[in-house]
Amino acid sequence: MEKVKCPKASAAIPRIYRLKFQRDIYKDLRILEKSIGEGDEENSNLDLFSLEMFENIAYTMAKHADPQIPGEVDEWLDGFNTFSIYQVLPQLIELWGLNVKTDVEAKKTSPN
């Protein structure tokens with residue numbers, strides 16, 4: 001198996017994800033974050049649809065980082081052994097959070 005590059009989260013990801021999967025990455029990440037809960041497999045609400053969303057998000061970020069990745073999610077997934085979504089998903093959410101985090105404080109527009 002080839003070495004996997006670190007996924008890339010940039011401003012292009014929501015557009016790429018929307019064009020490829022016709023879904024909103026922001027909504028899907030929120031759903032996944034709620035489903036995984038505290039990362040406890042026993043008490044999570046992950047279903048097959050959630051797993052597919054996770055795979056699609058991970059694929060989008062990986063493909064954005066490395067254009068040599070196959071053009072289809074299934075081909076890309078074939079290159080992996082099994083792994084725990086409970087270990088990988090929190091890292092993807094953290095990566096995405098770092099991407100959308102801002103250093104600028106909101107300016108007050110109201111006199112109150």
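**Confidence and overall make-up**

Guide: The chain has an average pLDDT of 77, and 67% of its residues score at least 70; pLDDT is the predictor's confidence in each residue, from 0 to 100. This is a predicted model, in which local features need pLDDT of at least 70 and side-chain atom pairs count only at pLDDT 80 or more, while totals for chains, interfaces and linings use all residues. Residues are numbered from 1 along each chain as its sequence is written, and side-chain values use heavy atoms, with hydrogens and water left out.

Visitor: Where in the chain is confidence lowest, and where is it highest?

Guide: The lowest mean, 69, belongs to helix α5 (residues 85–100), and the highest, 94, to helix α1 (residues 13–21).

Visitor: What makes up the secondary structure of the chain?

Guide: There are five helices and zero strands. Helices (H or I, at least four residues) and strands (E, at least two) are DSSP runs, numbered from the N terminus. Read from that end, the order of elements is α-α-α-α-α.

**Aromatic pairs**

Visitor: How many aromatic pairs are there?

Guide: The count is three. Rings of Phe, Tyr and Trp (its six-membered ring) pair if their centres lie within 6.5 Å; planes under 30 degrees apart count as stacked, over 60 as edge-to-face and the rest as tilted.

Visitor: Why is the pair of Y17 and F21 called tilted?

Guide: The ring centres of Y17 and F21 are 5.3 Å apart, and the angle between the planes is 50 degrees, so the pair is tilted. Y17 and F21 are separated by about one helical turn because they stand four residues apart in helix α1.

Visitor: What makes the pair of Y59 and W76 edge-to-face?

Guide: The planes of Y59 and W76 stand at 65 degrees, with the ring centres 5.6 Å apart, so this pair is edge-to-face. Y59 belongs to helix α3 (residues 48–65) and W76 to helix α4 (residues 73–77), so the pair ties together parts that are 17 residues apart in sequence. Ring pairs also link Y59, W76 and F80 into a cluster.

**Buried residues**

Visitor: How do you know that S50 is buried?

Guide: Buried means under 20% relative accessible area, exposed over 50%, and partly exposed in between (1.4 Å probe, protein chains only). S50 has a relative accessible area of 4%, so S50 is buried. This residue lies in helix α3 and, not counting residues up to four places away in sequence, touches L32 and S35; contact means heavy atoms within 4.5 Å.

Visitor: What makes M53 buried?

Guide: The relative accessible area of M53 is 1%, so M53 counts as buried. M53 is also found in helix α3. Leaving aside neighbours within four places in sequence, M53 is in contact with Y17, R23, D28, I31 and L32. Between M53 and R23 the C-alpha to C-alpha distance is 9.3 Å, although the two are 30 residues apart in sequence.

Visitor: Why does N56 count as buried?

Guide: N56 counts as buried because its relative accessibility is 9%. N56, another residue of helix α3, is in contact with Y17, F21 and V73, leaving aside its neighbours within four places in sequence. Y17 and F21 are both buried, as are Y59 and W76. Of the 112 residues of the chain, 30% are buried.

**Crossing helices**

Visitor: Why are α2 and α3 called oblique to each other?

Guide: The axes of helix α2 (residues 25–36) and α3 cross at roughly 125 degrees and come within 10 Å. Axes are lines fitted to C-alpha atoms, for helices over the stretch in contact, and angles run from 0 to 180 degrees between N-to-C directions. Angles under 35 degrees count as roughly parallel, over 145 as roughly antiparallel, 65 to 115 as roughly perpendicular and the rest as oblique. α2 and α3 are therefore oblique to each other. In α2, residues including I25, D28 and L29 meet S50, M53, F54 and I57 in α3.

Visitor: What makes α1 oblique to α3?

Guide: For α1 and α3 the axes come within 10 Å and cross at roughly 125 degrees. That angle makes α1 oblique to α3. Among the α1 residues that meet α3 are I13, I16 and Y17.
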